[in-house]
Amino acid sequence: MIQFLAIIVILLLITFIIVNVSSRLISIDNSKQTSQRFSIAASYFIDTSNQLNARDIYSKKELLTAIDINKIPFELADQTYWIKVQVTNKTNTPLPLVLYADNSMLDVFDIYQPNNTFGLDQSLIHTDLIASNNNNRLLKVYPHLTFQLMTNQTKTFLLKLQTLGPPNIPLMVLSDDDFSQRMLYAQIFYGAFIGLVILMAMYNLVLFFAIKDKVYLVYIGYLLSAFFVLSSLTGFGYFIFSPKTQEFFNQYLLFIDYYLVIFLLVFTLFFLRYDQQNNKTYQVGLVLTAFLAICSFYSLTLDTIAQTKLFFSIQPVFYLFALFVLLRRLHQDFSWAKYYLLSWVPLLIGAAIQPLVLLNYLEYSFVTRNAFLFAILIELTLMAFALAERMKRNEKDRLNDITYHISSGLPRKSNLESYINRLIQQKYQDFKVLVIKPEHIEKVALYVDDSILTELYQRLFYKLSSLFQYNDKVFALTDKGEKLCLINNNSLMAIIDKRQKQQSIEELIDAIQQTVSDNYYIKSIKLPLSAVVGISIFSSNTKKSHQLINQALLAANRAETIHQKWSYYEDNSSNENAYLLQLTSDLQFALENNQLEVFHQPQIDLRTLRVCSSECLIRWQHPDKGFIPPTVFIPIAEDMGLINQLTLWVIKTALQQQFSLSNDYGFNHMISINISGKDIASQHFFPQVMDIIEASTIPADKLIFELTESASFTYNEQSLSLIEKLVELGITISIDDFGTGYSSMSQVSNLPFQELKVDRQFVENVNDDHKRKIIAEATVKMAKGLGLEVVAEGINSQADEDTLRDFGCDIGQGYFYAKPMAIDDYISWLENLDNGRIKQPVQGEFIPAEK
């Protein structure tokens with residue numbers, strides 16, 4: 001508010017100065033001078049042929065029409081104006097006077113004066129004031145003639161005027177002092193304009209080099225364009241450049257005018273950040289800018305009058321578009337562009353008035369003659385504030401990006417860390433860090449896209465914030481008073497004040513869990529969420545904020561495994577955590593040094609009893625710890641970000657072994673590989689798979705990718721797109737462990753799968769459990785009805801095989817045929833087949849396979 005008032009005061013001061021100067025100049029009025037000191041009589045003739053000379057005008061006095069000197073009808077046309085001016089001294093003292101034409105872009109300004117009276121028989125005095133060889137810069141800026149009238153004397157002048165620039169040529173007769181004062185005020189205003197342009201240009205140049213924002217360079221382009229335009233319109237360019245240089249600028253004034261509008265339009269788009277959105281408005285702006293640039297070069301092929309008409313006919317369209325984009329931004333955020341809006345008010349007024357005056361559509365005065373100069377002065381002042389406000393907003397946005405998530409707008413982890421560090425520095429030790437995590441949120445995340453997940457956390461944040469709003473036990477972590485931060489994109493964290501005793505931690509956690517357990521709707525599905533809560537307590541051993549945060553997260557992981565769903569961090573868990581971290585490091589080393597193995601378990605065509613494929617299963621024999629089951633290291637790989645690397649290693653190794661099986665031994669069956677949900681969520685997975693397949697020379701149609709239900713039934717568009725690309729490549733996609741997850745047959749029918757694997761819990765000893773048998777039969781028949789190939793894993797006996805075959809199952813897999821084997825053992829097993837068919841299976845006690 002104070003800043004806005006300061007701007008108003010500055011604007012009022014500038015306006016006060018302009019009004020006072022203008023009122024002083026208005027007082028120097030011809031009508032007052034005429035009645036008190038001298039009188040002026042004028043008449044004119046317009047020579048549209050540009051062929052007549054002074055003698056022709058003298059000889060045809062009837063051509064001249066009497067008129068008020070301020071009412072001569074100047075027009076935008078290639079024609080010559082002949083004006084007769086008679087000035088009579090009405091005083092008893094000599095008067096030093098100036099005959100002045102306020103147009104610095106005159107092409108011809110000749111003054112003829114008879115010796116005594118106006119007549120053909122008198123000799124003429126010819127005065128050419130603006131000839132190209134005249135180096136008097138003052139005369140070029142102020143075309144004028146100084147003369148003196150004695151007591152009661154009358155002098156007559158015949159003026160020949162011609163211009164292809166601004167057609168209005170205001171003529172006035174002033175006293176020598178008034179003319180000097182007019183020049184002084186004009187030079188003061190133009191000097192202020194030059195100073196402001198230089199200051200703003202340097203200021204914006206420094207900003208550009210400091211921030212590297214192109215908007216500041218565009219604004220410098222706008223400043224330079226405005227400088228050249230006003231230097232030509234006012235004529236003050238003759239004081240800065242050589243006459244030939246300024247005449248060059250005068251010649252291409254309209255060309256420069258185009259770029260004044262171009263820079264203004266581009267600056268508006270950049271200043272208001274349309275370039276960052278790259279929306280239709282921004283694209284239309286670029287098209288209009290290109291159109292203006294084309295028009296600018298096209299105008300060079302036209303004469304001056306045609307150029308002027310073209311420019312002033314299209315200029316309003318671009319000002320209206322710039323106003324549109326400004327108002328559109330204001331609709332979204334007024335504070336962001338309020339000063340820029342204010343800067344447009346004088347700019348539009350000045351840009352409208354000055355052309356109308358120059359084209360002789362509005363009455364001339366010092367103010368209207370310099371309307372654009374005054375408008376630019378005020379606009380540049382406002383723009384200084386607008387740019388400062390934009391920089392302030394950019395800094396605020398930068399800080400906001402640091403402290404708030406861009407997608408959700410929720411406070412980041414940095415707020416929590418800063419607050420913990422502040423408490424530690426203040427030696428305040430009575431606090432706890434509390435993490436709130438929706439239970440099984442990682443699995444839920446596989447079913448939804450990022451926007452829905454973001455909406456879920458926003459709703460949790462606002463519900464819990466309402467719960468904590470008036471609770472002094474929970475610290476406010478941000479300047480806005482927010483008490484929660486989003487951590488790792490899956491948890492909310494708060495800091496609890498232990499000194500506040502009005503509520504126990506158990507009561508607080510119970511309130512949290514009740515709040516989170518409310519039903520949430522995701523794609524019209526009511527999702528009952530529960531919360532797990534982890535708590536870490538500040539201790540003398542804690543020196544860093546990240547320690548407390550990590551301890552709370554570890555406590556939350558432990559809380560998922562206990563009935564009450566909340567837990568404190570315990571130091572004795574550190575040994576387990578250290579073991580898992582070491583195992584992660586060992587797994588990374590094993591991957592890099594090929595210490596893992598791929599085992600094969602054959603899959604049998606139940607109609608022909610031939611081996612049609614084999615499932616590739618990863619095994620890890622740790623050099624120190626011995627055999628590590630996949631059920632142990634696969635979750636570690638998923639949690640620690642190694643799963644993609646692990647999957648790609650299995651694919652590469654399996655294809656190498658398939659190449660050997662085919663080329664060296666003639667076994668050309670398919671291979672089946674398990675794929676994680678995090679694999680299909682990776683944007684790099686598909687190109688990496690393609691590279692491995694191309695390097696192996698194995699056709700893609702020899703590959704089967706088995707996806708667990710939690711991986712395959714995701715609504716993430718990226719994942720679905722990847723599945724479709726894999727199918728197009730020729731890879732068969734199979735649903736693994738069907739029936740154990742949350743899927744439905746209707747979902748299966750809508751997704752691009754070709755194979756379904758019935759989970760072993762519905763297959764093993766299928767004849768011993770009536771309900772299991774019904775489920776297995778229904779699953780197989782429904783899948784077959786949908787055109788899917790069905791694989792039954794866990795076949796443990798001849799009875800299991802016969803039953804699944806009767807149901808219509810296509811492929812069998814299980815210990816009834818063979819257990820998973822290392823590649824050498826698998827080759828030996830294949831070589832013992834009976835013409836590609838399995839021999840009498842070895843039946844015995846069932847031992848479940850580790851997958």
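View 1. Contact here means heavy atoms within 4.5 Å. Axes are lines fitted to C-alpha atoms, for helices over the stretch in contact, and angles run from 0 to 180 degrees between N-to-C directions. Helices (H or I, at least four residues) and strands (E, at least two) are DSSP runs, numbered from the N terminus. This is a predicted model, where local features need pLDDT of at least 70, side-chain atom pairs count only at pLDDT 80 or more, and totals for chains, interfaces and linings use all residues. Residues are numbered from 1 along each chain as its sequence is written, and side-chain values use heavy atoms, leaving out hydrogens and water.

**View 2. An open sheet has 5 strands**. Follow the order E11-E12-E10-E15-E16, with mixed pairing; two strands pair if DSSP finds at least two bridges between them. Strands E11 (485–487) and E16 (566–568) stand at the edges with a single partner strand each, so one side of each has no neighbour in the sheet. From one strand to the next, the twist averages 25°.

**View 3. Strands E10 and E15 run antiparallel**. Look for the 7 bridges joining E10 (residues 431–438) to E15 (residues 531–537). Leucine 434 has isoleucine 535 in E15 as its bridge partner.

**View 4. Threonine 268 sits in helix H9**. This helix spans residues 253–271. Threonine 268 counts as buried because its relative accessibility is 0%, and buried means under 20% relative accessible area (1.4 Å probe, protein chains only). Not counting residues up to four places away in sequence, threonine 268 touches Ala322, Val325, Tyr340 and Trp344.

Terms used. Buried < 20%, exposed > 50% of the residue type's maximum accessible area, 1.4 Å probe, protein only.
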